[in-house]
Number of protein chains: 2
Amino acid sequence: MLEEKEISQAVISRLPRYYRYLQDLIDEGTERISSKELSERMHVTASQIRQDFNNFGGFGQQGYGYNVRYLHDEIGQILGLDQEHSMVLIGAGNLGQALVGYMNFKRRGFVFKAAFDCKPELYGKKVGQVVIRPMNELTGLIEQEKIEIAVLTVPKTAAMDIAKVLSGTCIRAIWNFAHVDLPVPERIQVENVHLSDSLMKLSYQIRSIDQADQEKAD
Amino acid sequence: MLEEKEISQAVISRLPRYYRYLQDLIDEGTERISSKELSERMHVTASQIRQDFNNFGGFGQQGYGYNVRYLHDEIGQILGLDQEHSMVLIGAGNLGQALVGYMNFKRRGFVFKAAFDCKPELYGKKVGQVVIRPMNELTGLIEQEKIEIAVLTVPKTAAMDIAKVLSGTCIRAIWNFAHVDLPVPERIQVENVHLSDSLMKLSYQIRSIDQADQEKAD
DNA sequence: GTCAAATTGACAATATTTTAACAGGAATTT
DNA sequence: AAATTCCTGTTAAAATATTGTCAATTTGAC
């Protein structure tokens, strides 16, 4: 039996960035790259790169480095990008519509199968490839289409209720844009995109530089 | 002279979440809270909470705990939320328009002063409170209005060029939604919101659970 | 074919982050 | 007002994460 060595969250967070740089290298026509070269491009240590990749077994070769395309595909597979992922949008406001319209996701295999909103005036309106439907059709469609991911772009109060509804379905994961921590069973994965939090961090950086400057002036 | 003890990124990332929970407590009318109670709500250790707050000096009192409103305001100040932040939108597509329309930012003091796009057909169109202008007015307006934050919602190729332009202005920070790492001087802070990366992490979680299940079945 | 240069994967050494433990002060109870 | 409980700030310990080092192996030059 294989040792279930847990991969740390830090490593996983770095994978999409590697993937992006490898895509760029492919586009440039580069065939091979060493951890040193890559580290210089990405401004991280070569040691970290090698360590990260080694979490999943060795992808490189001594004296040669890494084959760009091979490494790219392997990381893509680790990230589950080799299979299609079905999604539904819940909350067809500005942000939701922007996400559905964002074609890059589709290119990576993330496909919206439907959109839902509670506002009757939106029913039937088309966003991207899909039509906006009333919320009472949500669970039925999820089960019927075996939807994997729910993209949640509703106000925080609604988000809590919807999370409870989703808990009773076959949904695997929630991509949560609402400013709350969702109460869902363990089997459902949640990835939060808290835009306010992100903006506050930026604000912190600005403030902390101001403060440093001020102290230097003393 | 004060010891410039660098606050770790991990701590800063947690501050907005504390802030959010404290806001909720205020809304509930709770006056005081102990690290233990808060830890149970937030599903983190009490030790971490105390440690985090102590990075900025003691906000609590032995035997009493923390005064909710006081702590909330202190963290708000640390995050720079006690002052207004001026922003410009660069790239008035779906996502950009959604962000400008998002009123929660304004409530926290983040105010859009202008929006820019390269598409002539958008010039003059109103999004939220502001009018979309041509890109050649960008640097002028930033300098004139002493804009702090540029919100970048343009395709990746455009993003690189615009980052270079911004480097020559008084802009303090870039909130970057493009899928690239921006080349900017050190004095400009960058906060990335890489939506694809976030979605890939979610995809990873799904995949890794599938794999675990499969191995268990063996 | 031999040798120098390059480069990984593994492991050891640091550094950082998180958690636990506890002394001491404040609030509350009796 | 004494005693008990509560709870912070701080220090110590444990756990994680990152970086440095090097033997082993491959490539590429001559």
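The model is predicted. Chain A and chain B bury about 5,700 Å² between them. DNA strand C has 25 residues around it, and 25 residues surround DNA strand D.

**DNA strand C**

- Among the 25 residues around DNA strand C, those that come nearest are Ser35(A), Gln62(A), Ser47(B), Gln51(B) and Gln62(B).
- Of the atoms of DNA strand C that come within 4 Å of the protein, 61% belong to sugar and phosphate.
- A base is also reached: a polar side-chain atom of Arg50(A) lies 2.8 Å from a base oxygen of DNA strand C.
- On the phosphate, an N or O atom in the side chain of Tyr66(A) is 2.8 Å from an oxygen of DNA strand C.
- The side chain of Gln62(B) has an N or O atom 2.5 Å from a sugar or linking oxygen of DNA strand C.
- Two or more residues each come to this surface from helix H3 (46-54), strand E2 (60-61) and strand E3 (65-67) of chain A, and from helix H3 (46-54) of chain B.
- H3(B) gives the most to the surface near DNA strand C, namely four residues.
- Sorted by class, the surface near DNA strand C holds three nonpolar, 18 polar and four charged residues.

**DNA strand D**

- The residues closest to DNA strand D are Ser47(A), Gln62(A), Ser35(B), Arg50(B) and Asn54(B).
- Sugar and phosphate make up 63% of the atoms of DNA strand D that come within 4 Å of the protein.
- Ser47(A) reaches a base: an N or O atom in the side chain of Ser47(A) is 2.6 Å from a base nitrogen of DNA strand D.
- The backbone takes part as well, with an N or O atom of the Gly60(B) backbone 2.9 Å from a phosphate oxygen of DNA strand D.
- A polar backbone atom of Gly63(B) is 3.1 Å from a sugar or linking oxygen of DNA strand D.
- At least two residues of the surface near DNA strand D are supplied by each of H3 of chain A and H3, strand E2 (60-61) and strand E3 (65-67) of chain B.
- H3(A) has the largest share of that surface, with four residues.
- The surface near DNA strand D is made up of three nonpolar, 18 polar and four charged residues.

**Where the two chains meet**

- On the chain B side, 64 residues are in contact with 63 residues of chain A.
- Carbon and sulfur atoms give 60% of the buried area of about 5,700 Å².
- Leu199(B), Met200(B) and Tyr204(B) are the residues of chain B that lose the most area to chain A, together 13% of what that side buries.

**The sheet in chain A**

- An open sheet of seven strands runs in the order E6-E7-E5-E4-E8-E9-E10 in chain A, with mixed pairing.
- Strand E6 (126-127) and strand E10 (189-192) of chain A are the edge strands, each pairing on one side only.
- Inside the order, strand E5 (residues 110-117) and strand E7 (residues 130-134) of chain A pair in the parallel sense over three bridges.
- Across this pair, Phe116(A) stands opposite Arg133(A) in E7(A).
- Helix H7 (residues 138-145) of chain A packs on the sheet and touches strand E4 (85-90), E5 and E7 of chain A, its direction making about 175 degrees with that of E4(A).
- Helix H8 (residues 156-167) of chain A lies across E4, strand E8 (149-152) and strand E9 (173-176) of chain A, at about 170 degrees to E8(A).

**The sheet in chain B**

- Chain B has an open sheet of seven strands in the order E6-E7-E5-E4-E8-E9-E10, and its pairing is mixed.
- Strand E6 (126-127) and strand E10 (189-192) of chain B each have a single partner strand, so one side of each has no neighbour in the sheet.
- Strand E5 (residues 110-117) and strand E7 (residues 130-134) of chain B pair in the parallel sense over three bridges.
- Ala115(B) stands opposite Ile132(B) in E7(B).
- Helix H8 (residues 156-167) of chain B lies across strand E4 (85-90), strand E8 (149-152) and strand E9 (173-176) of chain B, and runs at about 170 degrees to E8(B).

Technical notes
Residues numbered from 1 in each chain as written. Chains lettered and ligands numbered in written order. Predicted model: local features only at pLDDT ≥ 70, side-chain atom pairs only at ≥ 80, totals over all residues. Heavy atoms only, no water. Near = heavy atom within 4 Å. Polar contact = N/O pair within 3.5 Å; in protein donor to acceptor, adjacent residues only side chain to side chain. Nonpolar A, V, L, I, M, F, W, Y, C, P; charged D, E, K, R; others polar. Pairing = 2+ DSSP bridges. Contact = heavy atoms within 4.5 Å. Axes fitted to C-alpha atoms, helices over the stretch in contact; angles between N-to-C directions. Buried area = accessible area lost by both parts, 1.4 Å probe.
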